[in-house]
Amino acid sequence: METLRAPARIAVSDPLPMFHRGIADVMRTVGYDVESPEDLMAWSATIPGPHVVLLTLLRPADWALMAAIHRRRPAVMLIAAVENGDSELAARALRSGAIGVVAREADAEAVQSVLTAAASGQSVLPVDVIRLLASADHPARFGPVASETEISWIRQLTQGLTVARLAEHAGYSERMMFRLLRGLYQRWGVANRTEAMIFARDNGWL
């Protein structure tokens with residue numbers, strides 16, 4: 001006798017409570033309960049069986065979280081919600097580990113289609129995003145997302161660690177540490193360590 005599989009669990013992460021409720025109402029009509037865990041990483045580690053995470057990408061911290069979940073829990077089916085259905089951001093999200101994308105302003109039918117497909121192990125993508133991904137001459141407009149290690153460097157500098165001590169802890173020469181930090185500052189669009197600390201604080205990393 002065939003064993004019935006439990007339906008995939010779905011979690012939503014977005015700063016607006018109404019967004020959560022709207023997704024929950026949409027998916028309840030097709031038999032799915034939607035959760036809103038405070039700690040997505042912990043949730044994805046404890047939920048057995050297939051599960052889907054819809055993560056709204058608004059801040060650098062959201063991109064870092066998506067990359068971390070993908071790296072640590074590659075079986076999680078990540079759906080990225082991007083504002084205005086931005087094709088460039090959608091393509092970047094797919095390169096960062098998402099298996100599907102949806103506009104944050106999408107109607108109920110579109111959201112339901114993307115999440116239902118993901119819960120079934122499928123992916124629904126806009127045609128313009130597929131064309132963008134397939135374009136060999138598409139420029140990489142967006143730099144890589146900061147890793148947890150890079151963010152931890154800024155945390156340690158904020159706590160008073162010198163670059164020399166940071167280099168020692170990280171296993172680099174002081175010169176190489178300065179070079180790595182300079183590259184990080186450039187990617188974040190900040191001029192120096194102080195601005196990097198402010199940037200990290202404003203994005204909820206400190």
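Predicted model: local features only at pLDDT ≥ 70, side-chain atom pairs only at ≥ 80, totals over all residues.
**Packing around helix H7**

Helices H7 and H9 pack with an angle of about 105 degrees between them and a distance of 11 Å between their axes. The two helices are therefore roughly perpendicular to each other. On the H7 side, the contact involves Glu150, Ile151, Trp153, Ile154 and Leu157. On the H9 side, the residues are Met177, Leu180, Leu181, Leu184, Tyr185, Arg187 and Trp188.

Helix H7 also packs against H8, at an angle of about 140 degrees and with the axes 10 Å apart. H7 and H8 are therefore classed as oblique to each other. Trp153, Gln156 and Leu157 of H7 make this contact with Val163, Leu166, His169 and Ala170 of H8. The crossing of H7 past H8 is right-handed.

| Helix pair | Angle | Axis distance |
|---|---|---|
| H7 and H8 | about 140 degrees | 10 Å |
| H7 and H9 | about 105 degrees | 11 Å |

**The aromatic pair**

Trp153 has a part in the contact with H8 and in the contact with H9. What is the geometry of the rings of Trp153 and Tyr172? Their centres lie 6.3 Å apart and their planes stand at 90 degrees, so the pair is edge-to-face. The structure holds one aromatic pair.

The partners come from distant parts of the chain, 19 residues apart. Trp153 belongs to helix H7, which spans residues 148–158. Tyr172 sits in the loop between helix H8 (163–170) and helix H9 (174–188).

Is Trp153 buried or exposed? Trp153 has a relative accessible area of 7%, so this residue is buried. Tyr172, by contrast, has a relative accessibility of 40% and therefore counts as partly exposed.

**Arginines over aromatic rings**

Two further aromatic residues have an arginine over the ring face. Arg92 lies over Trp63, at 3.8 Å from the ring centre. Arg104 lies over the face of Phe19, at 5.8 Å from the ring centre.

In sequence, Ile130 and Arg92 are 38 residues apart, and their C-alpha atoms are 12 Å apart in space. Ile130 has a relative accessibility of 43% and so counts as partly exposed.

Methods: Residues numbered from 1 in each chain as written. Heavy atoms only, no water. Phe/Tyr/Trp six-rings, centres within 6.5 Å; stacked < 30°, edge-to-face > 60°. Helix = DSSP H or I, 4+ residues; strand = E, 2+ residues; numbered from the N terminus. Buried < 20%, exposed > 50% of the residue type's maximum accessible area, 1.4 Å probe, protein only. Lys NZ or Arg CZ within 6 Å of the ring centre and 35° of its normal. Axes fitted to C-alpha atoms, helices over the stretch in contact; angles between N-to-C directions. Parallel < 35°, antiparallel > 145°, perpendicular 65-115°, else oblique. Left-handed = near helix turned anticlockwise from the far one by under 90°. Contact = heavy atoms within 4.5 Å.
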